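Here is a short briefing to read alongside the structure.

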Amino acid sequence: MPDHLTEIIEELTLANRILGNEGVIDAFGHVSIRHPDDPGRYLLSRSRSPLIVEPDDILEYDLNSEPVAAPSAQQYSERVIHGEIYKMRDDVMAVCHHHAPAVMPYCIAGVPIAPVFHVGGAIGEHVPFWDQHDEFGDTNLLVVKPEEGHSLARALGKNSVVLMKRHGATVVGASLRELVSRCIYLCWNAEHQLRASLIGTPQPLYPGEITLAGAINTKTTAATRTWEYWSARLKAAGFWPPQRAAKASRRAPAKSARTAARSRTKAKKTAMRW
Ligand code: MN
């Protein structure tokens, strides 16, 4: 029976891969969860494409975004986003930063995203903007300094999503599953809003509708249904369960040159089928 932390790490691995498979994050972008036993810490992968993150990649950080144990691998440079938000928002249990193609037009044009369909209600009534240039002048736009992360967290305020001009978005949730759902439906909302604007003027939800519709995704039935759907798609795509290839090869005894050549040929044949 896996312990609590092992399960949480497995769930975070799954969340990484779902967000990668659903087009929210690609090679860049990252997702974290607050440590279940210590609110002063959070869990985040080492610098790796989320679609192939494995449980062994997950590192523990304090809220200053310093690793608890010295890591042997490269870390995400923008991890201060996570630490600074956890510091400021006690209610936030999970954070995702991404540059999803669906939201980029809004970040570039400075056009606000508003909930335009019922499931989009999860993004909340107000989605603020943050422009790194306002406070920090010319930068490479990466949020790497604690003060930059702090400024972003301030712009997020009490909202669930903040759009970062010419960069991307940062999304928060009261749980990991709520966060994943909000990230995916933020993208769908952005797509629908853009398409609707091509044929007319999008009519956002009324404030009362946003509150009522926004609660749908957190209901157990909806949360289970979406999680199962995204997990099934991830499995069908061949990205779940993790291969744990590196771990297996570390444990495997050294191969003879002939065996190694044979498995290379086999691997090539397998690859050709696809
Ligand atoms: Mn970024």
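Isoleucine 123 sits in the loop that runs between helix H3 (104-109) and strand S5 (129-130). Please keep in mind that this is a predicted model. The chain contains 10 helices and seven strands, and its mean pLDDT is 90.

**Isoleucine 123 and its surroundings**

- Is isoleucine 123 buried or exposed? It counts as buried because it has 25 C-beta neighbours inside 10 Å, and 20 or more are needed for that label.
- Leaving aside neighbours within four places in sequence, isoleucine 123 is in contact with Ile113, Pro115, Ser160, Val161, Arg182, Leu186 and Asn189.
- Asparagine 189 lies 66 residues from isoleucine 123 along the chain, yet the two C-alpha atoms are separated by 8.8 Å.

**The chain as a whole and its core**

- Of the 274 residues in the chain, 36% are buried.
- Among contacts with a separation of 6 or more, 69% are between residues 24 or more positions apart.
- The largest nonpolar core has 57 residues, and those touching the most other members are Leu19, Val103, Leu163, Ala169, Cys183 and Leu186.
- Helix H6 (residues 176-199) gives the most to this core, contributing nine residues.
- Cysteine 183 touches Leu19, Val24, Cys96, His98 and Val171, when residues up to four places away in sequence are not counted.

**Helix H1 and its partners**

- Helix H1 (residues 4-21) packs with H6 at an angle of about 0°, and their axes are 11 Å apart. H1 and H6 are therefore roughly parallel to each other, as angles under 35 degrees count that way.
- Where do H1 and H6 meet? Glu11, Leu12, Ala15, Ile18 and Leu19 in H1 meet Leu176, Val180 and Cys183 in H6.
- H1 also packs with H8, at an angle of about 75° and with axes 10 Å apart. This pair is therefore roughly perpendicular, since the range for that is 65 to 115 degrees.
- H1 uses Leu14, Arg17, Ile18 and Asn21 for this contact, while H8 uses Trp230, Ser231, Arg233 and Leu234.

**Helix H2, a mostly covered helix**

- Seven of the nine residues of H2 are buried, so this helix is mostly covered.
- The buried residues of H2 are Val80, Ile81, His82, Gly83, Glu84, Ile85 and Tyr86.
- What covers them includes strand S1 (30-34), strand S2 (41-45), S3, strand S4 (94-98), H5 and S7.
- H2 packs with helix H5 (residues 146-156) at an angle of about 50°, with the axes 8 Å apart. H2 and H5 are therefore oblique to each other, and their crossing is right-handed.
- On the H2 side, the contact is made by Val80, Ile81, Gly83, Glu84, Ile85 and Met88. On the H5 side, Pro146, Glu148, Gly149, His150, Leu152, Ala153 and Leu156 take part.

**Backbone features worth a look**

- Most residues other than glycine have a negative phi, and most peptide bonds are trans.
- Serine 65, in the loop between strand S3 (58-62) and helix H2 (80-88), has a positive phi near 65°. It counts as buried because it has 23 C-beta neighbours inside 10 Å.
- Arginine 166 also has a positive phi, of about 60°. It is found in the loop between strand S6 (161-164) and strand S7 (168-173).
- Is arginine 166 buried or exposed? With 12 C-beta neighbours inside 10 Å, arginine 166 counts as exposed, because the cut-off for that label is 12 or fewer.
- Tryptophan 240 and proline 241 are joined by a cis peptide bond, with omega about 0°. Proline 241 is placed in the loop between helix H8 (220-236) and helix H9 (245-251).

**Where to take care**

- In this chain, 88% of the residues reach a pLDDT of 70 or more.
- Over residues 248-257, pLDDT stays under 50, and the model has one contact beyond four places in sequence for this stretch.
- Residues 263-274 also have pLDDT below 50, and they have zero contacts in the model beyond near neighbours in sequence.
- Where pLDDT is low, the predicted coordinates should not be read in detail.

Conventions
Residues numbered from 1 in each chain as written. Predicted model: local features only at pLDDT ≥ 70, side-chain atom pairs only at ≥ 80, totals over all residues. Helix = DSSP H or I, 4+ residues; strand = E, 2+ residues; numbered from the N terminus. Contact = placed C-beta atoms within 7 Å. Core = buried A, V, L, I, M, F, W, Y, C linked by C-beta atoms within 7 Å. pLDDT = per-residue confidence, 0-100. Axes fitted to C-alpha atoms, helices over the stretch in contact; angles between N-to-C directions. Parallel < 35°, antiparallel > 145°, perpendicular 65-115°, else oblique. Left-handed = near helix turned anticlockwise from the far one by under 90°.
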